Amino acid sequence: MYPDPKRVRDNRITLRLDDYEYALIEALANYQGDQPSTMVRELVLREAQQVLAGSASVETGAA
C-alpha cells in the first residue's frame, strides 16, 4: 500500500502548553498558514537535526 510503511505517521507524543504558549504557537501557525501540529512537528525535527549535527561536529573536532 505504501512504499515505506515506517513513514506513515501513526506515533503520537502528548505536549502540554499553557495558554500563553499555545497562543504563540497558534498565532505563528495562523501567520504562516499552517496547522499548529504540522508546524510544531517541523520545528521539533529541525531542532533535532541541528542538535545532532552539532554533536557530530563536536565529536569530529575532538578526534
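Helices are DSSP runs of at least four residues, numbered from the N terminus. On this basis, leucine 17 is placed in the segment before α1. The model described here is predicted.

Leucine 17 has a relative accessibility of 35%. Residues count as exposed over 50% and as buried under 20%, with partly exposed in between. Leucine 17 is therefore partly exposed. This leucine also belongs to a nonpolar surface patch, formed with Leu15 and Tyr22. Together, Leu15, Leu17 and Tyr22 present about 300 Å² of accessible area.

Aspartate 18 lies in the segment before α1 as well. Its relative accessibility is 38%, so aspartate 18 counts as partly exposed. In sequence, aspartate 18 and arginine 7 are eleven residues apart. In space, the C-alpha atoms of aspartate 18 and arginine 7 are 31 Å apart.

The largest pocket of the model was examined next. Its volume is about 850 Å³. The lining comprises 20 residues. Ile13, Ser37, Val40, Arg41 and Val44 are the closest of these to the pocket centre. The largest share comes from α2, with seven residues. By class, eleven lining residues are nonpolar, six are charged and three are polar.

Asparagine 30 is found in helix α1. Asparagine 30 has a relative accessible area of 54%; because this is over 50%, the residue is exposed. The C-alpha atoms of asparagine 30 and alanine 53 are separated by 30 Å. Along the chain, asparagine 30 and alanine 53 are 23 residues apart.

Glutamine 35 is located in the loop between α1 and α2. At 55% relative accessibility, glutamine 35 also passes the 50% cut-off and therefore counts as exposed. Isoleucine 25 and glutamine 35 are ten residues apart along the chain. The distance between the C-alpha atoms of isoleucine 25 and glutamine 35 is 9.7 Å.

Leucine 17 is partly exposed, and aspartate 18 is partly exposed. Asparagine 30 is exposed, and glutamine 35 is exposed.

Notes:
Residues numbered from 1 in each chain as written. Predicted model: local features only at pLDDT ≥ 70, side-chain atom pairs only at ≥ 80, totals over all residues. Heavy atoms only, no water. 1 Å grid on protein atoms, 1.4 Å probe; cavity = no way out; pocket = protein on both sides within 12 Å on 5 of 7 lines; lining within 4 Å. Points joined across faces, edges and corners; volume = space filled by probe spheres on them. Helix = DSSP H or I, 4+ residues; strand = E, 2+ residues; numbered from the N terminus. Nonpolar A, V, L, I, M, F, W, Y, C, P; charged D, E, K, R; others polar. Buried < 20%, exposed > 50% of the residue type's maximum accessible area, 1.4 Å probe, protein only. Patch = residues over 30% accessible without salt bridge, like charges linked within 9 Å, V, L, I, M, F, W, Y side chains within 5 Å. Areas by Shrake-Rupley, 256 points an atom, 1.4 Å probe, with all protein chains shown as cover. Salt bridge = Lys/Arg side-chain N within 4 Å of Asp/Glu carboxyl O.
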